[in-house]
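Have a look at the fold first, then read on.

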Amino acid sequence: MTNRIYYTEPYRRTFDATVTSAEPVGGKLHVTLDQTSFYPTSGGQPFDTGTIGGAAVVDVIDREDGEVVHVVSGTLKPGDVVSGEIDWHRRFDHIQQHTGQHVLSAAFDRLFGVRTESFHMGQASATIDLAREVSASEIDKAEADANRIVWEDRPVTIRFATAEEAAAMGMRKESARTGTLRLIDVQDYDLSACGGTHVERTGAIGVIAIGSVEKFRGGSRVEFLCGGRALERFKVWRGALAAMQKHLSVPPTDMAASIERLQDDAKAVQRTLRGFQEKLATHEADALVGRSSGRSFVAEVIEGWDAQGIKAIAAAAVAARPDLAVALLTSTTPPQAVVARGTQSSIDAGAVLKGLAAQFGGKGGGKPDLAQGGGFNGPAAELIAFLLRSHS
Ligand SMILES: [Zn+2]
């Protein structure tokens, strides 16, 4: 079994060890050592990276038989005496998040009797899943109490005890493990069985900031960021707020109200615009009807109108001349099309559009009296020529 240095010395970055096995697996080498500082993925905490004998460690696995397996790209052989070094920046980040999780879970447990069901550490933030839904006020209080513990800089100690001894000490969560348990003791606040790496005093967590909360499997999923990650998120938000402030010219606390006002204004403008568009569409339709004299089907590109606009024009035109059918295209690339027929026309608008799509690609459909579509490949002039050829 590998001697795990991080169990008792979580701040040890370098170590010497002897290679006990080295097996090639899928182009990499699976290496075991007599002792290691490398943390293997387990208990929600990701593995450490770093080097062993100059070779890069790309994964670390906690094997069933108690060995820590280092996946390395490099050449090592059994008996080699090597120096190992873990990526401290990555390890310390994991330490901050992991210990922060102990404290935050303990806060929810102590204040509201809400248990933590699971813990996951992602690339940018970590989450805990709580057994029941928590309110905004409970979140505020748990966050505040957790940070009080951080700022009191309490010692975090590693203790070993039997399951019976541990149970008598009052752990936050019963452990399913038998034999000797490794306990993480946040002084007078939390006692948990855990194999992970932790800070030596809570002050090193820096801060515990809750990012977001969402409903999850009957409980709450709480995203949180500790120490360096909280600062990283703050930087992202600072940049985003500065960018918004440039446009809105109001302090961050007034931004939501400001955006709401802008949206209301935009809706009012849209309503006015739609009113004008409808009036203008009637004029365009009158002109179209004028040009259609003597014909039962017209096909035209209408410059400067969108799909909604040409639909309004088509509807107004066939209302004015019930024996007429019209196919109208926008001047956009690709063009959008509307086909409409009056109540006395026998042309099938849906079939006309289908024919256009069959010839030029694109999508769309509709009923005999009205059909619309878009995404046609080809110049508008060719589309119009095709429509006129097929239906005049
Ligand atoms: Zn832990």
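The strands β14 and β15 (residues 219-226) run antiparallel and are joined by 8 bridges; two strands pair if DSSP finds at least two bridges between them. Strands (E, at least two residues) and helices (H or I, at least four) are DSSP runs, numbered from the N terminus.

A word on ground rules: this is a predicted model, where local features need pLDDT of at least 70, side-chain atom pairs count only at pLDDT 80 or more, and totals for chains, interfaces and linings use all residues. Residues are numbered from 1 along each chain as its sequence is written, and side-chain values use heavy atoms, with hydrogens and water left out.

**The sheet and its helix**

That pair of strands sits in an open sheet of 4 strands, ordered β9-β10-β15-β14 with antiparallel pairing. At the edges are β9 (116-121) and β14 (208-216), each pairing on one side only. On average, neighbouring strands here are turned by 20° against each other, direction ignored. Helix α5 (residues 227-248) packs on this sheet and touches β9, β10 (126-130), β14 and β15, with its direction at about 90° to that of β15. Contact means heavy atoms within 4.5 Å. Axes are lines fitted to C-alpha atoms, for helices over the stretch in contact, and angles run from 0 to 180 degrees between N-to-C directions.

| Pair | Angle | Axis distance |
|---|---|---|
| α2 (residues 88-112) and α5 | about 95° | 7 Å |
| α8 (residues 349-360) and α9 (residues 380-391) | about 130° | 11 Å |

The α2 angle makes that helix roughly perpendicular to α5, while α8 is oblique to α9. The cut-offs: under 35 degrees is roughly parallel, over 145 roughly antiparallel, 65 to 115 roughly perpendicular, and the rest oblique.

Which residues of α2 meet α5? They are Asp 93, His 94, Gln 96 and Gln 97, and they meet Gly 227, Gly 228 and Arg 229 in α5. This contact divides into no nonpolar, 5 polar and 2 charged residues. Ala, Val, Leu, Ile, Met, Phe, Trp, Tyr, Cys and Pro count as nonpolar, Asp, Glu, Lys and Arg as charged, and the others, Gly among them, as polar.

Over at the other pair, Val 352, Gly 355, Leu 356, Gln 359 and Phe 360 in α8 meet Glu 382, Leu 383, Phe 386, Leu 387 and His 391 in α9. That contact has 6 nonpolar, 3 polar and 1 charged residues.
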